[in-house]
Amino acid sequence: MSIVQVDGVGKAFRGLRALSDVDFHVAEGEILGIIGPNGAGKTTLFNVVAGAIRPDTGRVSFAGRDVTGAAPEKIARAGMVRTFQLMRPFGSMTVLENVSLAAQHHRLGARKLREHALDVVDRVGLGPWAYRVSTELPTAGLKRLELARALASRPKVLLLDEVLAGLVPAEREPVLDLLASLREQEGVTLLFIEHIMAAVMRLADRVLVLDQGRVLAVGSPEEVTSDPRVIDAYLGEEPTHADA
Ligand SMILES: Nc1ncnc2c1ncn2[C@@H]1O[C@H](COP(=O)(O)OP(=O)(O)O)[C@@H](O)[C@H]1O
Ligand SMILES: [Mg+2]
């Protein structure tokens with residue numbers, strides 16, 4: 001059964017067609033990688049799916065319900081949560097406070113909330129930073145915090161927008177392990193936008209390629225990376241995309 005279904009989604013910004021007739025589905029527990037050149041519409045697609053932008057045409061359904069144009073908070077409470085490409089934690093709060101805030105809608109009670117938040121902070125490797133103000137975090141730490149905030153709400157579907165960008169290879173490995181374990185241990189469905197092809201190849205069951213707002217290809221990582229249209233539109237474009 002599909003947990004996420006996108007049908008005929010289109011979105012234009014003052015005449016610029018950011019998305020045109022986008023169709024795809026994601027099965028429960030599946031990991032879908034989303035790739036495509038800069039400006040292809042990847043982040044806009046997440047904005048539409050997570051409710052930040054209402055599409056001009058088409059529908060988004062989550063767990064069998066039409067959520068097109070629903071408020072992001074409502075979609076998040078229902079279990080579909082996204083991370084932002086540009087992290088925006090509450091700078092004056094500690095890492096633990098930021099993560100606790102993201103889990104608040106579970107109404108756990110102070111002690112349980114704190115335990116849960118600490119557990120998530122540990123899980124993303126921010127244990128030593130739990131009581132530091134979040135503005136003190138380096139880039140890799142902010143990325144982990146962004147992931148921790150998403151995890152704290154115990155999502156069924158997690159939308160990840162370039163969570164590996166800005167991380168050096170040694171910092172990527174634990175994040176990839178964590179993402180794989182979310183699916184293995186908790187059955188979390190993942191949609192992840194990523195430029196680092198090695199990560200896409202390792203993690204994704206299927207890959208969706210966006211180009212100029214359209215779905216250029218969908219298939220296994222092997223199918224997609226050997227598709228001449230994909231190589232033309234994206235993979236051949238810049239050597240840095242192969243794996244920086
Ligand atoms: N809020 C917005 N207002 C106007 N144009 C936008 C907005 N968001 C995205 N765009 C434009 O839509 C296109 C797709 O952007 P985006 O979804 O961010 O691409 P990607 O994430 O694949 O790099 C780009 O041309 C971008 O400039
Ligand atoms: Mg983007």
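Which element gives the largest share of the shell around ligand 1? That share, three residues, comes from helix 1; helices (H or I, at least four residues) and strands (E, at least two) are DSSP runs numbered from the N terminus. This is a predicted model, in which local features need pLDDT of at least 70 and side-chain atom pairs count only at pLDDT 80 or more, while totals for chains, interfaces and linings use all residues. Residues are numbered from 1 along each chain as its sequence is written, chains are lettered from A and ligands numbered from 1 in the order in which they are written, and side-chain values use heavy atoms, with hydrogens and water left out.

The residues that surround ligand 1 are Phe13, Leu16, Ala18, Pro37, Asn38, Gly39, Ala40, Gly41, Lys42, Thr43 and Thr44, each with a heavy atom within 4 Å of the ligand. Oxygen atoms of ligand 1 lie 3.2 Å from a backbone N or O atom of Ala40, 3.0 Å from a polar backbone atom of Gly41 and 2.6 Å from a polar side-chain atom of Thr44. Of the 560 Å² of accessible area that ligand 1 has on its own, the protein covers 59% (Shrake-Rupley method, 1.4 Å probe). Two or more residues of the shell come from each of strand 2 (16–27) and helix 1 (42–49).

Strand 2 also holds Val26. Val26 counts as buried because its relative accessibility is 0% (buried means under 20% relative accessible area, with a 1.4 Å probe and protein chains only). The C-alpha atom of Val26 is 8.0 Å from that of Thr189, 163 residues apart along the chain. Beyond its neighbours within four places in sequence, Val26 is in contact (heavy atoms within 4.5 Å) with residues including Met1, Leu32, Thr189 and Arg206.

Terms used:
Polar contact = N/O pair within 3.5 Å; in protein donor to acceptor, adjacent residues only side chain to side chain. Buried < 20%, exposed > 50% of the residue type's maximum accessible area, 1.4 Å probe, protein only.
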